Amino acid sequence: MMNQDQVKERLTNQLTKIVFRKVNGDEREYVGTLNQSFLPVIDPDKVVKPRKANPAIQNIYLPGEGYWRSFKWEALISIDGEPFDYVPPVVEEDEDVSDN
């Protein structure tokens, strides 16, 4: 089974077929990438303010469609036919740093 880091590496290196489950239960399939050679050229006059990163969501570019899409890591089923093993991120609570 693949993990999140392996998926990101694959998306960065090549076109990748992903299958995930939508909120309504339907399965959706994308062929996308994060490989720079496939990404569109950004028009500096149309640059928008970037959104705050959300670690629960992965954006990917679909070169065959010509637009960006995203999926939730917890909804990912497979990558290029290989099962995906979702492991929720560990959230560490702030330590109490008060002087006693």
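This is a predicted model: local features need pLDDT of at least 70, side-chain atom pairs count only at pLDDT 80 or more; totals for chains, interfaces and linings use all residues.
**View 1. The hairpin of β1 and β2.** Let us start with two strands that run in the antiparallel sense: β1, covering residues 16–21, pairs with β2, covering residues 27–32, over six bridges. To find one of these pairings, look for T16, whose bridge partner in β2 is G32. Five residues lie between the strands of the hairpin, and G25 takes a positive phi near 100 degrees there.

**View 2. The N-terminal end of helix α1, capped by N3.** Here a side-chain oxygen of N3 lies 3.1 Å from the backbone nitrogen of D5.

View 3. Helix α1 spans residues 4–13, and its buried residues are Q4, V7, R10 and L11. These four sit on the same side of the helix because they cover an arc of only 125 degrees around the axis.

**View 4. The largest nonpolar core and F71.** This core has 14 residues, and those touching the most other members are V7, I18, F20, I60, F71, L76 and I79. At least two core residues come from each of α1, β1, β3 and β5. For a closer look at F71, set aside its neighbours within four places in sequence: F71 is then in contact with I18, F20, A56, I57, Q58, I60 and L76.

Terms used. Residues are numbered from 1 along each chain as its sequence is written. Side-chain values use heavy atoms; hydrogens and water are left out. Two strands pair if DSSP finds at least two bridges between them. Buried means under 20% relative accessible area, exposed over 50%, partly exposed in between (1.4 Å probe, protein chains only). The arc is that of the directions from the helix axis to the C-beta atoms. A polar contact is a pair of N or O atoms within 3.5 Å; within protein, one must be able to donate a hydrogen and the other to accept it, and residues adjacent in sequence count only if both atoms are side-chain atoms. A nonpolar core is a set of buried Ala, Val, Leu, Ile, Met, Phe, Trp, Tyr and Cys residues joined through side-chain atoms within 4.5 Å. Contact means heavy atoms within 4.5 Å.
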